[in-house]
Amino acid sequence: MELSIVGSGYVGTTVAACFADLGHSVTNIDIDEDIVEQLNDGQAPIHEPGLDELVAEHGGDRLTATTDYGAVRETDATFLALPTPSRADGSIDTSIIEAGARSLGEALGSKDDYHLVVVKSTVVPGTTEDVLGSIIEDASNESRGEDFDVAMNPEFLREGSAVEDFLGPDKVVLGTENERANERLSAVFEPLVESSAPAVVETGIREAEMIKYANNAFLATKVSLVNELGNICKEYDVDAYEVMDAIGLDDRIGERFLRSGVGWGGSCFPKDTAALVAAAHEKGYEPSLVEAAIEVNEKQPKRLLELLEDHVPPQGKRIAVLGLAFKPGTDDVRNSRAIPVIEALQNRGATVVAYDPVATENMREHFPDIEYVESATAALDGADGALVVTDWDEFAALDDEFESMTDPVVVDGRRIVERREGITYEGLTW
């Protein structure tokens, strides 16, 4: 099929490259001319394992990019993959995707045949139909349900494994308003369903919008509960990881997302839980459990600093921060737990030296004045303490490097460093 995707961020670029790999012809639409040029030259604009290879293979061929919304007229369906960032109160800001919908509608006004618009961005129930559908209808002077339809297809892509998650999903959710929309959206995903046999959930648009929030809220709450239990284990000198390994054997619980640590970050969990809370408040409901999950998550970086202070008062000390990305496998620092950690260290008068394999430049935008180094070895050299924030595999191999520290105090927020003689080791929750 001929597909167009508006937006070339983590979601839009990954989805476009994967659809091209499945045999569709895909056109990415983005206002950033540099990104458009990169994609057409076969270069991925973001760091994501496996994406470079797909863009290199299909860029300029089955995958092309343009700044012209008019390209949508040559396609059968358009996916909106635009940001919906958080406002100060936690609610989502839909101004960017609304602008995209308006430009899309203007382009569709001169298209003769039927078109399907699929919202890929995370939006609260009612947004696709009541807001975006209405904008497209007004801008195009076309009739929804006749000339075009809107649909919702939430993404469940984890940064660091987004390509793998798209091509081998647990489920595909198709939220549509009528049979014609369902048939076209099903046709888009037919090659994926045939190749990987995921569960296919056919549902309404509002249900599909809510499934994304429910999915992320459940996972975020699970992590926060595990961290709370880990904090209690720490108080009783109990190995939280042995406890979690045991309860993970219960098939009602499962072993995934049972590793306690410094908390969750990224572009999804913080934004989606905050948006869910804000949406609930708007309806007069108090989502106490989700609010508690957020509260526990915000406490974890503070606990990391408290454990450091038990051994090294940060004032005037050189403290190494290992890991800046919110998780391994990505260069994304949005809501990274390293941000509150570095802020707290600076507030305590510490000199911060930071290292991450790929995320340094992105973090430099937040903290331009701290010292960044090219290796974990350089970060540890002469440090009075070290905080492990992201569980990159290379940190597990550190050994003699700790001997170069002035005071080998290591507070591990991810249980990636092995306890050993010669260092003072503190796990966050064990």
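Start by selecting Cys 268, which sits in the loop between helix H9 (240-247) and helix H10 (269-282). UniProt, in an unreviewed entry, places the feature "active site" at Cys 268. Keep in mind that this is a predicted model.

Next, show the residues around that cysteine. Leaving aside residues up to four places away in sequence, Cys 268 touches Glu 155, Lys 212, Asn 216 and Thr 273. Contact here means heavy atoms within 4.5 Å.

Now colour the chain by domain. The domain assignment gives domain 1 as residues 2-203 and domain 2 as residues 204-429. The centres of domain 1 and domain 2, taken over C-alpha atoms, are separated by 32 Å. To select the contact between them, expect 36 residues from domain 1 and 29 residues from domain 2. About 2,500 Å² is buried between domain 1 and domain 2, with 56% of it on carbon and sulfur atoms.

Stay at this interface and look at the charged pairs. Four salt bridges are found across the interface of domain 1 and domain 2. Separately, select Glu 129 and Arg 206: their side chains meet in a salt bridge, at 3.3 Å from N to O. Polar contacts between domain 1 and domain 2 come to 15 residue pairs, with both residues at pLDDT 80 or more.

Then hide domain 2 and view the side of domain 1 that touches it. Helix H5 (127-140), strand S6 (148-152), strand S7 (171-175) and strand S8 (199-203) each supply at least two residues of that side. H5 gives the largest share, four residues. By type, the residues of the side of domain 1 that touches domain 2 divide into 14 nonpolar, 13 polar and nine charged.

For "binding site", the unreviewed UniProt entry lists Asp 30, Thr 84, Thr 122, Glu 159, Lys 271 and Arg 334. Do these residues gather at one spot or lie apart? They span 305 residues in sequence and the farthest two C-alpha atoms are 22.9 Å apart, so they do not all gather at one spot.

Technical notes: Residues are numbered from 1 along each chain as its sequence is written. This is a predicted model: local features need pLDDT of at least 70, side-chain atom pairs count only at pLDDT 80 or more; totals for chains, interfaces and linings use all residues. Side-chain values use heavy atoms; hydrogens and water are left out. UniProt positions are given in the numbering used here, feature names are shortened, and annotations may be inferred rather than shown by experiment. Domain bounds come from an automatic or database domain assignment. Buried area is the accessible area (1.4 Å probe) that two parts lose on being put together, summed over both. A polar contact is a pair of N or O atoms within 3.5 Å; within protein, one must be able to donate a hydrogen and the other to accept it, and residues adjacent in sequence count only if both atoms are side-chain atoms. Ala, Val, Leu, Ile, Met, Phe, Trp, Tyr, Cys and Pro count as nonpolar, Asp, Glu, Lys and Arg as charged, and the others, Gly among them, as polar.
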